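Colleague: I have the model open on my side. Could we go through some local features together?

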Amino acid sequence: MLFKLLEEHRDHYGYLDWLLHIRMEYTNRRDVILEACEQHLPKEIVTWKAPSSGMFHWLQVEWKKHPDYPCKTLEEIEDELFGSWFRPDKTVATDNMFFRATYEAAPLDQISEAVKKFGEALSEAFKLTCESNGH
């Protein structure tokens, strides 16, 4: 079906050129968000792996280092930080907290600024000092 669509309405090489362009654009954007994470996130509570493709960057937050743990559950802390948006099925038990960031459409300078603000919010919520988180 895709072959026929490209054959009748576009050309195959144009489609491949577009795919290569998108791949290079996402790689550049991914590199911007990775650099921003290195600069602005408190590494004692946030870890990540560089995405190899796609438009999302998953950040794992060490929620058990939150000052209200163990008095508050993962769900309570997660809700206070950013809501439970990144867990598709809340009936499935988990011991991990993730934050999903996207770098698909935002201007590059806004990606960096958003990561910086996220890092500041996490540092405040986890009561981290400036010396301990590198800010």
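Modeller: Lys 127 is located in the loop between α4 (108–125) and α5 (130–133); helices (H or I, at least four residues) and strands (E, at least two) are DSSP runs, numbered from the N terminus. This is a predicted model, in which local features need pLDDT of at least 70, side-chain atom pairs count only at pLDDT 80 or more, and totals for chains, interfaces and linings use all residues. Residues are numbered from 1 along each chain as its sequence is written, and side-chain values use heavy atoms, with hydrogens and water left out.

Colleague: What is phi of Lys 127 near?

Modeller: Phi of Lys 127 is near 55°, a positive value in a residue other than glycine.

Colleague: And is Lys 127 buried or exposed?

Modeller: Lys 127 is exposed, with a relative accessible area of 63%. Buried means under 20% relative accessible area, exposed over 50%, and partly exposed in between (1.4 Å probe, protein chains only).

Colleague: Changing topic: how many aromatic pairs are there?

Modeller: The count comes to 6 aromatic pairs. Rings of Phe, Tyr and Trp (its six-membered ring) pair if their centres lie within 6.5 Å; planes under 30 degrees apart count as stacked, over 60 as edge-to-face and the rest as tilted. The rings of Trp 58 and Phe 98 have centres 6.3 Å apart and planes at 85°, so this pair is edge-to-face.

Colleague: Where in the chain are Trp 58 and Phe 98?

Modeller: Trp 58 is in strand β2 and Phe 98 in strand β3, 40 residues apart. Trp 58 is partly exposed, at 39% relative accessible area.
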